[in-house]
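My plan is to begin with the whole chain and then zoom in on a couple of spots.

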Amino acid sequence: SRGPKLAIPRSKLAFADMGDKGGGGDCVKVAIRCRPPSTKEIANNEESIVVMEEAFGGEGESGQVILSDPDEKEEPAKFAFDIVFGLSIQQSQIYESVGKPALFKTFEGYNGTIFAYGQTGSGKSFTMSGATGELRGIIPRVNEELFAYIKDQQGASTRRFLVMCSFFEIYNEIIFDLLNPVADRSKLGGGLQIKEHPVMGIYVKDLTEIVAEDAHKVEVLLENGSKSRAVSSTMMNSTSSRSHSIFTIKVHQKDEEDASRNVFAKLNLVDLAGSERQKGTGASGQTLKEGANINKSLSALGNVINALVETANGKKVFIPYRNSKLTRVLQESLGGNSLCTMLATLSPAACNYEETMGTLRYANRAKAIKVSATKNEEASQISRLKAEVEELKKKLAAGGTGGGAGGTLTEEEREAERQKFERQLKDMEQMMSNNWGEKAKLSEEHERQMKKLSEERAQAAQALEEERSKRLRLLQEKNDLELSLKGVAELVTSLPKFTNPPAVLTGDLPRHWLKTHRALRLNFESLEQQNTLVLVFKHAFDEDVKLWGEGAEAEDVGLMTTGLNRCLPKLDKLRKAGEKLLQLEGQCLAEVFELNESVCKAMAELETFLQTLEKQTSTAEGQDEEETESKSSAHLEQVSKMLNLVQRQVQAKEDELGLASVEIGQTCEIVAQFSQGCLAETPDESQCQALRILIADPRLASLPAGMPAKPLRDYEPHEVQDTPPTTEALLRQVIRWEGLVGKTKKSAADLLARPPPKFILDVIVAVKAATGFPPNLDESWPESRDDRLARFQQIREAVEEALGIQIDFDGVDVLKGKEVEKTLRLMQLVAVAAARCQSSVAADAGRAPGFARAAELPTMLDAMKKCIEAAKNVVEVKRSQDSAARGDGERSLEEKILNLEELLAEEARARLAQEEALANAERTLQETKASVRSATAECERVQSETMAGAPDEEQLDLEKQLEELQ
């Protein structure tokens, strides 16, 4: 089949390095394949800029690749290659032109290498591995024909075959064995090492080699190895290879009649990771680091190819094989004892012009590289090994001097050299004695160990899973949020490493949750303490109310006045404590909502990540769906269960705050009763009625002044208003504002001043979650403008149907931010309709009779204060009237008590003043005594100094002072 051709005038073609400078069969063979446009490229209407003129490597056949500049700044470039595959090429044809010749050269005893090169997403892995059926790639077809040929040869000749396979990858410049993978790559350090042997050439030390008896065995090895290979999702490829992989098939042939015909060879099947640019892949974090290492190794490969081209042209240049693990492994393939085929893959899209041009130039240089492959004969290798053994024995016999340098070596250095040669000699003799039976025996032993290790890992994984399930049950029984958060943090740290995991799997988010919970716990403790303080103030207030009531029952106006005077200061303290309680409750609610939102977001991210892994599993090559589910689902489902437990516990904390309340109804009823006795048939009697309305329904306490004081379900449509405070108050009857405004860090009043469209929908969704109204409302945010208008129209129609009215509202005004009053009126009507649809039992769920919540407490206390102040005024007037009627000679019991208290206080003050005066006199006396003692001592000193004779003036002065003091 031929690919599509672009009609380009030959006069406008720029011929860029067309000729095959290598010429002969000792050059690297280069094949070019261009994949069809991808679904994404078709959706983006990407122009196809690649034209292929096919050729399959036949005698005298030559193909061409024409690449056009999408910006038309340069002339179309034309490249010539012996093998060119078009867009519609079949996988079988690629194998016939590339894979089959390499395989049969391997049977002849020549080493071979096929490596796929190209940008990420250009089809390298598909070309090498393919899919099922006719879409099988080069590697599975090589496997099938390898054992089909062996079967034919062993049945018709005296030749016998031994096939051994190895599989490894180079990930971030570290070599990992894919047939013997490690559980945690980070603990392996530098991975496997590359060694060079004078006879065996370049090899990977300690790499697992398995004997394969049939094609099925090789398929199993490929499957098991591919499961451990590093892949990741990028913007250009959902299953992008993040490492270079090399699958090696070694074929040993033995002729039972003619030993001189014994040969061996190996075929390296290399799938290189694709070159990529960060802006195209959108890589970040670990994926970005992987891409950098991939590009670094491919750049080193390009430098090696350039140096080899210079060498092929007769120049002597240094070839930097050691600059990368990749070039070191491919050293023999590119410039040593191996035939080599490079299969370059292209993308036809205009957006990949630079990468496609780079790949073509890369391939054009590679075809000029000359290789010198020789036939690998067993007899020749054994002779060379024997020569090496003899040389080592001579060095060992010389005492490890290295052939003449012994005079300059110390005894320790000579011993080290001797041990080194002994190890080399042992390795050489082992290589010579390794016959087919021993190799097969070693392979079987290794497979037994691998199987045993696999079983032990499975048992350990099962035990770990049982332990995690047991721990989850214990956490559910304990129902402690902090213990659950610690459990999540410990669980994610024990999981295998994932590429680009969500924040919850890195452990950062669970640790942040623990810090948040500690702050929340302190706030909850403060809230409990404040609630206790409120109860203490309430108890003190209740005692003063009782004193007022006792005075009323005894018709003692003075006692009533005392009780009322004491009530008001206590009520002020109770109100301040209630305000502090409301503030602390708001802080706790904000932190709980923030934690709940973070946990819900983490659950959604984890679900998306799991879906991505499953998608990669279904499309990745060689991936076993059941095994991948064991790796991802088994671990991530456990994390998901833990997060569900945490979310329920956080929700319980939220409900606990929602149910927090203070028993105030009985106190309000007593105040209303006593006030009613004082205010009967007065204008202030309405204060008692207002208080009793709040006692009947404490939720009315949150309504602003001027709104009807009745349950929300009893509101008529014309009674709603269109202001932010009334909208906030009515909606507070059915939803918790803290959960909504916490997302925006703004107050409800700020948001309602000009409500954003999405905020309005969030409010309606919250109403639906609390009451079930509006029914059948889609909770997702519409992407298109028309869908948003349809959503608002649905809300309007639901309210009109529930209330039986017509509403003046247009969703266009919401999107434009106009007619805010109409929007607020609709939101209030939604609250009324929701309250009517909700049963009274459901509305009062969780509320005990006589209890008020923190948000309702201040209003109820204010209502009591108005009643008490009005009652106090009435009582004081009555007291004045009674006092005037009795005259000055008669005093009430209260006045006498007050006078006695005043006299007692005056006596106490006098006694205190007298005690203070006595204390001052005592202090003065003590100071005087100290001065006398000091003066006496000084006199005695002067007298002893003067001994006899008339006293001097100083002595006389001191004696005079002493007499005055005495």
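Before the first entry I need one term: accessible area here comes from the Shrake-Rupley method, run with a 1.4 Å probe.

**Entry 1: the whole protein.** I'm looking at a predicted model, not an experiment. I looked up its accessible surface and got about 49500 Å², with 50% of that belonging to carbon and sulfur atoms. I then checked burial: of the 966 residues, 43% count as buried. For secondary structure I noted 31 helices and 20 strands. I also looked at contacts between residues at least 6 apart in sequence, and 72% of these join residues at least 24 apart.

**Entry 2: a charged patch.** Where on the surface does negative charge gather? I found a patch made of E46, E47, D71 and E72. Is D71 buried or exposed? D71 counts as exposed because its relative accessible area is 55%, and the cut-off for exposed is over 50%.

Entry 3: Next I went to helix 21, which spans residues 724-731. How many of its 8 residues are buried? I got 6, so I'd call this helix mostly covered, with buried meaning under 20% relative accessible area. I wrote down the buried ones: T726, T727, E728, A729, L730 and L731. What do they pack against? My list has helix 23 (748-753), helix 24 (757-771) and helix 27 (820-837).

Methods. Residues numbered from 1 in each chain as written. Predicted model: local features only at pLDDT ≥ 70, side-chain atom pairs only at ≥ 80, totals over all residues. Heavy atoms only, no water. Patch = residues over 30% accessible without salt bridge, like charges linked within 9 Å, V, L, I, M, F, W, Y side chains within 5 Å. Salt bridge = Lys/Arg side-chain N within 4 Å of Asp/Glu carboxyl O. Lys, Arg positive; Asp, Glu negative; His and termini not counted. Charge placed at Lys NZ, Arg CZ, Asp CG, Glu CD. Buried < 20%, exposed > 50% of the residue type's maximum accessible area, 1.4 Å probe, protein only. Helix = DSSP H or I, 4+ residues; strand = E, 2+ residues; numbered from the N terminus. Contact = heavy atoms within 4.5 Å.
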